[in-house]
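Q: Hi! I'm new to this one, could you walk me through it?
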Amino acid sequence: MEPIIDLKNLCKSYGSHVAVDKLNLKISQGEIFGLLGPNGAGKTTSILMMLGLTEPDSGSAIVCGHDATRDPIEVKRKVGYMPDNLGFYPQLTGLENLIYMARLNGLAEKSIVENARRVMELVGLKAASDKPASNYSRGMRQRLGLAEVLIKKPKLIILDEPTLGLDPNGVKEFLELIKSLQQEQGLTVLLSSHHLHHVQQVCDRVGIFVDGKLLATGDLPTLSSELFGSTGVETNIRLTKVPTAIDVIKDKFSTYPEFNSLNSSGANLQFNTTQNIIPKLIRGLIELGADIEAVSQKQYGLDEIYEKYFEKNTNLIPEHESA
Ligand SMILES: Nc1ncnc2c1ncn2[C@@H]1O[C@H](COP(=O)(O)OP(=O)(O)OP(=O)(O)O)[C@@H](O)[C@H]1O
């Protein structure tokens with residue numbers, strides 16, 4: 001199946017500043033993809049190029065089968081876009097805002113009200129439909145923004161920082177809603193975020209975007225091995241007691257082609273190997289007469305990715321500040 005988003009060598013500079021540098025990315029239909037990066041990484045610029053709202057300097061963005069630069073109107077018709085700064089008419093109710101937006105999008109007049117009510121229910125705003133938008137909480141505003149996107153019945157929705165400013169419960173509920181839309185309606189979702197932990201809850205795949213470059217894409221295990229592959233696999237083995245001198249153990253395992261290093265502390269051994277060789281390590285230790293009490297393997301996960309790629313970025317808004 002053709003990818004719903006196909007970006008090839010997409011580049012964009014503002015003056016001498018390279019905002020997006022040779023971005024290559026394919027997103028399949030039905031996927032939830034998280035574009036993840038600190039502030040200023042180039043996420044919004046990439047999204048604007050996908051929507052044909054900013055022209056790339058070079059490269060191409062094919063979205064829903066259309067070239068976003070040459071055919072932005074077709075792309076706009078098929079894609080629902082929720083920007084990070086939502087604006088509503090505060091004196092109108094949520095439902096009136098939605099109806100107004102549906103009219104602006106040229107939806108068929110006869111079913112607009114009925115559709116708007118249905119979508120308000122879908123996003124969990126049925127009870128608040130007739131309240132002025134000025135009374136909506138941040139979480140309700142995000143849902144209303146999503147409703148404005150969904151009323152177009154898009155094939156693909158692009159959400160720029162949708163969890164920004166929501167409290168932890170609001171984040172959870174919003175992401176659950178996105179997930180249910182994917183599962184029940186087969187929607188494809190691209191969302192951008194600088195909140196690694198949020199994105200990981202719902203995304204099938206994520207892309208790590210830093211300084212205009214997409215460093216790695218994949219699910220968490222793939223990302224870990226792409227980003228930390230050269231770090232090796234760390235396996236911790238606790239023995240009931242050390243059966244022989246530690247140098248003897250080291251000598252045995254250093255003949256293994258996958259072996260990098262061995263550190264020990266009492267009966268705790270920490271192996272670093274190029275691959276996961278737990279069965280071989282256990283067999284080797286048993287041959288030396290050891291009894292094994294516990295085995296664990298360090299997984300390079302979100303926290304390590306976060307530390308390596310995000311924490312040094314001084315522009316990053318820490319999660320607790322924006323929640
Ligand atoms: N219109 C513009 N003119 C000049 N520079 C811009 C413009 N838009 C973005 N930039 C710069 O390009 C870089 C990427 O910005 P972009 O908004 O795409 O990043 P982002 O990852 O979406 O970050 P944020 O989460 O802060 O919006 C930043 O350094 C930004 O200052």
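A: Happy to. Keep in mind that this is a predicted model. Let's start just after α6, where glycine 186 takes a positive phi of about 65°.

Q: Okay, and how far apart are the end C-alpha atoms of helix α6?
A: They are 25 Å apart. Helix α6 covers residues 168-185, so its 18 residues, at 1.5 Å a residue, should span 26 Å, and the two values agree.

Q: Which residues of α6 are buried?
A: Those are Val171, Phe174, Leu175 and Ile178. They cover an arc of only 95° around the axis, so they sit on the same side of α6.

Q: And what's exposed on the other side of α6?
A: There you'll find Asn169, Ser180, Gln183 and Glu184, which are exposed.

Q: Switching topic: which residues are around the ligand?
A: Here's the list: Tyr14, His17, Ala19, Gly37, Asn39, Gly40, Ala41, Gly42, Lys43, Thr44, Thr45 and His194.

Q: Which elements each supply at least two residues of that shell?
A: β2 (17-27) and α1 (43-50) do. The largest share comes from α1, with 3 residues.

Q: Last one: how does the shell around the ligand split by class?
A: By class, 8 residues are polar, 3 are nonpolar and 1 is charged.

Key:
Residues numbered from 1 in each chain as written. Predicted model: local features only at pLDDT ≥ 70, side-chain atom pairs only at ≥ 80, totals over all residues. Helix = DSSP H or I, 4+ residues; strand = E, 2+ residues; numbered from the N terminus. Expected span 1.5 Å × (residues − 1). Buried ≥ 20, exposed ≤ 12 C-beta atoms within 10 Å, placed from the backbone. Arc of directions from axis to C-beta. Near = placed C-beta within 6 Å. Nonpolar A, V, L, I, M, F, W, Y, C, P; charged D, E, K, R; others polar.
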